Amino acid sequence: MPGYMDTENNDCVMPVRSANPIRAKSLIHDNLEKQSSSRNSLHSRMPNIKVFSGTSHPDLAQRIVDRLGIELGKVVTKKFSNLETCVEINESVRGEDVYIVQSGSGEINDNLMELLIMINACKIASASRVTAVIPCFPYARQDKKDKLAGDGEKQRSKNNDWKFRSRAPISAKLVANMLSVAGADHIITMDLHASQIQGFFDIPVDNLYAEPAVLKWIKENIPEWRNSIIVSPDAGGAKRVTSIADRLNVEFALIHKERKKANEVASMVLVGDVKDKIAILVDDMADTCGTIVHAADRLVEAGATKVYAILTHGIFSGPAISRINNACFEAVVVTNTIPQDGHMRDCPKIQCIDVSIMFAEAVRRTHNGESVSYLFSNVPY
């Protein structure tokens with residue numbers, strides 16, 4: 001007796017042979033129940049999706065949901081008179097796959113606390129999974145104990161040798177612990193200052209790269225890019241610039257810098273030949289912009305014809321904007337992991353790359369259980 005095709009699953013279901021018609025019906029019923037249970041099990045692993053936005057970067061969150069074709073989740077955030085943060089999730093998240101978009105920018109401590117409260121609110125409201133989408137990871141620069149105690153404070157060791165003792169915190173690890181304890185099941189971020197921060201977590205961390213978007217911008221906006229040289233403003237970014245230089249098939253250089261203290265550079269030494277070339281400075285973030293401005297001056301002194309700066313996270317605090325306005329840059333290009341509208345109004349040299357499509361695609365692939373490794377080397381369209 002021929003079987004019939006289950007059109008929904010494309011499976012051939014064989015009829016049940018039995019001398020007892022009641023037994024045959026029972027077996028058919030059991031078979032259909034198993035198929036239904038399998039479909040329900042698949043659905044339970046892929047619940048519906050909800051995306052909420054914190055107050056740090058609502059524009060990026062809106063761009064992400066527009067790309068996904070869904071509505072932004074309803075949430076109300078306010079402060080009490082004593083400045084405590086209060087969050088109200090105004091729709092059901094039970095059994096949902098929740099994504100909370102909050103960047104480490106602006107009032108960083110308030111925004112971090114708001115993110116923790118939102119994660120916890122969704123978790124105790126029975127969300128199936130809570131993913132924190134943190135485009136710019138807060139406290140990422142405090143990732144190791146390498147600072148001197150005080151201003152060069154020393155202590156005598158047992159064998160009478162003077163040694164520097166560091167009491168610097170590893171705040172990035174503390175933030176990782178706080179996110180995990182709040183209830184986050186997954187983290188999506190971009191260009192961590194130190195990639196080993198992923199190891200601070202006991203939950204999955206997807207560290208996306210701005211590199212594909214940077215390559216696309218260079219090819220589309222610098223006509224003479226084949227005569228360019230990719231420059232790292234410090235030795236720590238050597239791996240980043242060599243990767244970009246290899247993909248563009250151009251040379252690279254780096255600048256060795258020595259710091260007296262935080263946000264103050266003592267000296268710079270250029271390693272590489274930039275004469276008669278377009279220099280493209282590439283870094284993961286710029287805060288007060290002292291480093292990249294000094295680096296640009298050093299490149300012009302060495303004979304570079306033009307200088308561009310491409311940065312993933314444009315923090316631009318303190319005197320950063322005035323420094324850029326007075327510097328020799330053709331353009332300072334940043335991504336919108338941090339809001340840039342105000343900075344672009346104050347400084348016409350600043351241009352912005354929209355990375356919301358990369359975060360939206362990472363959210364979609366994560367929700368559907370697909371690999372996100374495609375995004376490490378490609379910009380989705």
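User: Why is C289 called buried?
Analyst: C289 has 4% relative accessibility, and buried means under 20% relative accessible area, with exposed over 50% and partly exposed in between (1.4 Å probe, protein chains only). So C289 counts as buried. Before we go on, this is a predicted model: local features need pLDDT of at least 70, side-chain atom pairs count only at pLDDT 80 or more, and totals for chains, interfaces and linings use all residues. Residues are numbered from 1 along each chain as its sequence is written, and side-chain values use heavy atoms, with hydrogens and water left out.

User: What makes the phi of C289 worth a look?
Analyst: C289 is not a glycine, yet its phi is positive, about 70°. Most residues other than glycine have a negative phi. You'll find C289 in the loop between β15 and α7 (290-301); helices (H or I, at least four residues) and strands (E, at least two) are DSSP runs, numbered from the N terminus.

User: And D276, why does that one count as partly exposed?
Analyst: D276 has 49% relative accessibility, so it counts as partly exposed. D276 also has a positive phi, near 60°, without being a glycine, and sits in the loop between β14 (264-271) and β15 (278-286).

User: How many aromatic pairs are there?
Analyst: The structure holds three. Rings of Phe, Tyr and Trp (its six-membered ring) pair if their centres lie within 6.5 Å; planes under 30 degrees apart count as stacked, over 60 as edge-to-face and the rest as tilted.

User: Why is the pair of Y209 and F376 called edge-to-face?
Analyst: Their ring centres are 5.4 Å apart and their planes are at 75°, so the pair is edge-to-face. Y209 lies in the loop between β11 (205-208) and α5 (211-221), and F376 in the segment after α10 (356-367), so the pair ties together parts 167 residues apart in sequence. Y209 is partly exposed at 33%, and F376 counts as partly exposed at 30%.

User: What about W217 and Y308, what kind of pair are they?
Analyst: With centres 6.3 Å apart and planes at 70°, the rings of W217 and Y308 are edge-to-face. W217 is in helix α5 and Y308 in strand β16 (residues 306-314), 91 residues apart. Both W217 and Y308 are buried.

User: Where does pLDDT stay under 50?
Analyst: pLDDT, the predictor's confidence in each residue from 0 to 100, stays under 50 over residues 1-18 and over residues 35-46. Where pLDDT is low, the predicted coordinates should not be read in detail. The chain averages a pLDDT of 85.

Terms used:
Contact = heavy atoms within 4.5 Å.
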